[in-house]
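Me: I'd like to learn how to read side-chain features in a model like this one. Can we go through a few together?

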Amino acid sequence: MAGTASRRLLLISNSTLHGSGYLDHCQDNIKSFLGSIERVLFIPYALADRDGYASTARTKFESLGYKVDSIHESPNAVEAVTKAQAIFVGGGNTFRLLKTLYDENVVSLIRKRVFEEGVPYIGSSAGTNVATASINTTNDMPIVYPPSFAAMGLVPFNINPHYIDTDTNSKHMGETREDRIKQYHEEDTSKTVLALREGCMLLVEGDKAVLQGRTNARLFLKGKDPSEHTPGADLSFLLKA
């Protein structure tokens with residue numbers, strides 16, 4: 001994949017962990033990732049209340065020492081992405097998020113800035129989904145229809161955020177998350193799926209990928225049994241898919 005040497009991603013399963021506040025569980029990871037960068041471009045397209053969402057993100061990032069510009073406050077989304085020192089894409093509805101990214105003509109631009117210019121990218125939940133090969137393994141309802149399920153392709157596999165393990169004591173008769181991922185793998189064009197439990201995240205720097213956070217990830221390779229991976233695990237082989 002061209003330009004991968006400059007790629008820097010922090011792909012977070014969830015923004016809020018039970019018992020803590022917004023981004024509290026990953027704030028140290030964010031600070032280490034962003035380093036001396038001064039300003040972050042926030043993309044709040046996954047929620048309808050963009051002003052409120054931007055206020056939440058701005059309050060948190062400013063507490064960490066970073067200024068925040070929200071893309072929806074700019075008269076030109078393309079210009080905002082072009083000038084961004086770093087990008088943070090928040091969670092919400094993945095379909096709404098991806099559709100708006102396409103509508104604003106910034107999908108290929110974000111990809112270019114990440115791969116060719118090394119602009120750091122942070123995604124949380126839906127923001128992580130759109131960084132992958134496709135949004136086929138999101139947990140969200142398709143409330144709007146993007147022009148494609150193809151996402152930005154910053155990594156060549158899919159992620160399932162907020163992964164929930166099967167509760168063997170549950171009387172719920174619907175599909176488990178594992179069932180749904182296996183259904184996805186019944187399709188010929190399906191990709192590897194990295195399932196991130198809440199509190200888990202993936203750090204990608206160039207062609208190296210390392211699991212971070214407090215919880216394990218579950219890896220689904222087509223035709224194989226799922227495998228467990230602990231924080232600190234080297235998952236760089238996924239980038240060669």
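Me: Which residue lies over the face of F33?
Reply: A charge counts as over a ring if NZ of Lys or CZ of Arg is within 6 Å of the ring centre and within 35 degrees of the ring normal. Here that's R8, at 4.4 Å from the ring centre of F33. Some ground rules: this is a predicted model, where local features need pLDDT of at least 70 and side-chain atom pairs count only at pLDDT 80 or more, while totals for chains, interfaces and linings use all residues. Residues are numbered from 1 along each chain as its sequence is written, and side-chain values use heavy atoms, with hydrogens and water left out.

Me: How many aromatic pairs does the structure hold?
Reply: A pair of aromatic rings is described by the distance of the centres and the angle of the planes. Rings of Phe, Tyr and Trp (its six-membered ring) pair if their centres lie within 6.5 Å; planes under 30 degrees apart are stacked, over 60 edge-to-face, the rest tilted. This structure has six such pairs. One of them is F61 with F88, tilted, at 5.2 Å centre to centre and 40° between the planes.

Me: Are F61 and F88 buried or exposed?
Reply: Buried means under 20% relative accessible area, exposed over 50%, partly exposed in between (1.4 Å probe, protein chains only). Both F61 and F88 are buried. They also belong to one aromatic cluster with F42 and Y53.

Me: How many disulfides are there?
Reply: A disulfide is a pair of cysteine sulfur atoms within 2.5 Å. The count is zero: the cysteine sulfur nearest to C26 is that of C200, 11 Å away.
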